[in-house]
Amino acid sequence: MNTKLCTALVAIALAGPAAAQEVTLRVHHFLPAAAPIQTGVLEPWKEMVESQSDGRIEVQIYPSMQLGGKPPQLFDQARDGIVDVAWTLLGYTPGRFPISEVFELPFVAGSATETTMALQEFQAEYLGEELDDVHTLLLHAPAAYKFHMRGGPVENLDDLTGKKIRAPSRTMTEGLGALGATAVGMPVPEVAQALTTGVIDGAVIPWEVFGSLRIEEMAKDHTEIGSENGGLSTSVMALVMNERVYENLPDDLRQVIDDNSGVNLAPLAGEAFDAAETAEREAAIAAGSNVVVIPEAELGEWKAATQPVIDEWIENTENGAEILDAARSMIAAQRSE
């Protein structure tokens with residue numbers, strides 16, 4: 001047999017099994033590539049997965065909805081196999097994930113790390129059925145939301161009367177209404193344009209997305225609610241994988257994914273989002289922004305106004321009081337560590 005042909009056949013035989021196990025994972029999300037979710041979480045995750053799989057897994061990240069659709073469709077894109085992995089906010093589909101909404105209720109959330117680590121314990125105990133349609137790689141949260149306004153700060157409840165404020169979720173829509181504002185629901189990539197055109201007067205969002213969305217150019221007045229690591233609300237964020245894609249991985253590659261998921265990935269996400277929160281806040285202050293902090297001791301009126309939102313959630317949720325107590329206890333335990 002021709003020597004070159006023999007060599008080629010040997011190379012094909014050796015390469016065959018490895019090539020059959022090579023996997024490309026397309027990761028889709030709605031924020032710009034400069035956002036902390038990509039630079040602080042997805043890119044490090046990509047590096048870890050590719051390195052630990054010896055290059056047999058390739059991760060491709062597509063920011064800003066580059067693969068099509070709208071942010072509320074991302075969960076279903078992963079579920080249906082349109083993409084392999086998606087990162088989204090569960091609150092973008094109101095009422096679909098009612099148990100996870102407990103972390104989005106007024107005055108429950110803490111820092112990104114506190115809420116994210118609490119979510120790991122909470123997910124294992126309470127969220128199995130809500131997330132059955134996908135393989136969940138990570139649930140996490142940003143630091144609690146603040147008010148970011150154009151045309152003057154929020155210094156008390158009266159300042160919210162009649163103001164149009166962007167809301168990220170159903171619970172925050174109800175919470176803003178209880179505080180006297182008019183809630184306007186929209187995904188966060190739309191906030192900058194809505195501020196520019198006057199569709200909204202302000203938004204409740206964390207600091208961490210400021211730079212990537214250029215919101216600092218429109219919103220110069222900011223109000224933080226309560227303690228430095230607490231605040232008005234948050235959103236539960238989810239990194240989810242198509243179940244079939246996950247199950248079809250060879251055992252050793254599935255182990256690579258498992259080793260870089262859940263409680264193993266959560267500290268990275270929490271630290272990345274807290275670091276971005278601090279950096280964006282400091283940058284805004286250095287650029288001349290006005291920051292008002294409403295102390296914890298002055299929040300009685302705010303909490304009383306939003307208590308009906310919490311009461312309604314408890315009433316409409318089986319074992320709601322128990323679940324809320326558990327979420328608060330899990331965050332408190334993280335805060336005390």
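User: How do you know how helix α2 and helix α10 are oriented to each other?

Analyst: Start with the angle in this predicted model. The axes of α2 (residues 36-52) and α10 (residues 266-286) come within 9 Å and cross at roughly 150°. Angles over 145 degrees count as roughly antiparallel, so α2 and α10 are roughly antiparallel to each other. The crossing of these two helices is right-handed.

User: Which residues make the contact of α2 with α10?

Analyst: From α2 come P36, I37, G40, V41, P44 and M48, and from α10 come L268, A269, A272, F273 and A276. By class, that contact has 10 nonpolar residues, 1 polar residue and no charged ones. Gly counts as polar, and G40 is among the residues of α2 in this contact.

User: What makes α2 and α9 parallel or antiparallel?

Analyst: Again, look at the angle. The axes of α2 and α9 (residues 251-259) come within 10 Å and cross at roughly 150°. With the cut-off for roughly antiparallel at over 145 degrees, α2 and α9 are therefore roughly antiparallel to each other. α2 passes α9 in a right-handed crossing. Here W45, V49 and Q52 of α2 meet V256, I257 and D259 of α9. This contact of α2 with α9 has 4 nonpolar, 1 polar and 1 charged residues.

User: What makes β7 and β11 edge strands?

Analyst: Follow the order of the sheet. 6 strands form an open sheet in the order β7-β6-β8-β5-β9-β11, and the pairing is mixed. β7 (182-185) and β11 (290-294) each have a single partner strand, so one side of each is left without a neighbour in the sheet. Neighbouring strands of this sheet are turned by 25° against each other on average, direction ignored.

User: How do you know that β9 and β11 are partners?

Analyst: Two strands pair if there are at least two bridges between them. β9 (residues 221-225) and β11 pair in the parallel sense over 5 bridges, with E224 standing opposite V293 in β11.

User: Why is the protein called as compact as a globular protein of its length?

Analyst: The protein has 12 helices and 11 strands. Its radius of gyration is 22 Å, close to the 20 Å that the globule rule gives for 337 residues, so it is as compact as a globular protein of that length. Along its principal axes the C-alpha trace spans about 90 × 45 × 35 Å.

Notes
Residues are numbered from 1 along each chain as its sequence is written. This is a predicted model: local features need pLDDT of at least 70, side-chain atom pairs count only at pLDDT 80 or more; totals for chains, interfaces and linings use all residues. Side-chain values use heavy atoms; hydrogens and water are left out. Helices (H or I, at least four residues) and strands (E, at least two) are DSSP runs, numbered from the N terminus. Axes are lines fitted to C-alpha atoms, for helices over the stretch in contact, and angles run from 0 to 180 degrees between N-to-C directions. The radius of gyration is taken over C-alpha atoms; the globule rule is 2.2 Å times the number of residues to the power 0.38. Angles under 35 degrees count as roughly parallel, over 145 as roughly antiparallel, 65 to 115 as roughly perpendicular and the rest as oblique. A crossing is left-handed if the near helix is turned anticlockwise from the far one by less than a right angle, and right-handed if clockwise. Contact means heavy atoms within 4.5 Å.
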